Amino acid sequence: MADGSDTTPTAEQTVAGQTPNGLVAGIQSFAAGHGGAKAVIEYVGKRGARIVLVGEDGAWADQFADSTDVARLACAKAGVAVENEWERELMDQMRPSHDLWRSMSRRTLAR
C-alpha cells in the first residue's frame, strides 16, 4: 500500500472499535461505588493489559483489556485518571482486605 492510503489502518481506528462496553461499565461502576478512582495500567504480555483501579476509599480491583491502548481508552471513556506509575501516595491509599491477606498467606505456606 502506498503511504497516505485511505485503507491503511491507524492506531486510533483500530483501538476505537475495540473498547468493550463491559470494560468501560465495570470501570465506571467501581469508581462510582468507591468515591472515584485512579488507574494504573500494566502490560502483561500476550494477555494484554491489567488495569488496577484504586478507589478513594482504599478499595482496589482489576480489569483486563486486550492492549494498553484499549485500557487507556476505556479509562478515558469511564472518566478515570490514569497514573503513569505506582506513586507512593497511591500505594499508601490501597487497603487490602482481610480475605486477600489470608489468601496470600495460604499461597506462601502451601509451597
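User: How many salt bridges are there?
Analyst: The count comes to 2 salt bridges, a salt bridge being a side-chain nitrogen of Lys or Arg within 4 Å of a carboxyl oxygen of Asp or Glu. This is a predicted model, where local features need pLDDT of at least 70 and side-chain atom pairs count only at pLDDT 80 or more, while totals for chains, interfaces and linings use all residues. Residues are numbered from 1 along each chain as its sequence is written, and side-chain values use heavy atoms, with hydrogens and water left out.
User: What does Arg50 bridge to at 2.8 Å?
Analyst: Asp62, with 2.8 Å between the closest N and O atoms. Arg50 lies in strand E2 (residues 49-55) and Asp62 in strand E3 (residues 60-65), 12 residues apart. Strands here are DSSP runs of E, at least two residues, numbered from the N terminus.
User: And which residue does Glu42 bridge to?
Analyst: Glu42 pairs with Arg50, the closest N and O atoms being 3.5 Å apart. Shared partners join Glu42, Arg50 and Asp62 into one network.
User: How accessible is Arg50?
Analyst: Arg50 is partly exposed at 22% relative accessible area; buried means under 20%, exposed over 50%, and partly exposed in between (1.4 Å probe, protein chains only). Glu42 is partly exposed at 25%, and Asp62 at 33%.
User: Different topic. How do E2 and E3 pair?
Analyst: They pair in the antiparallel sense over 6 bridges; pairing requires at least two DSSP bridges between two strands. Ile51 stands opposite Gln63 in E3.
User: What about the turn?
Analyst: E2 and E3 form a hairpin with 4 residues between them, and Gly58 in the turn has a positive phi of about 95 degrees.
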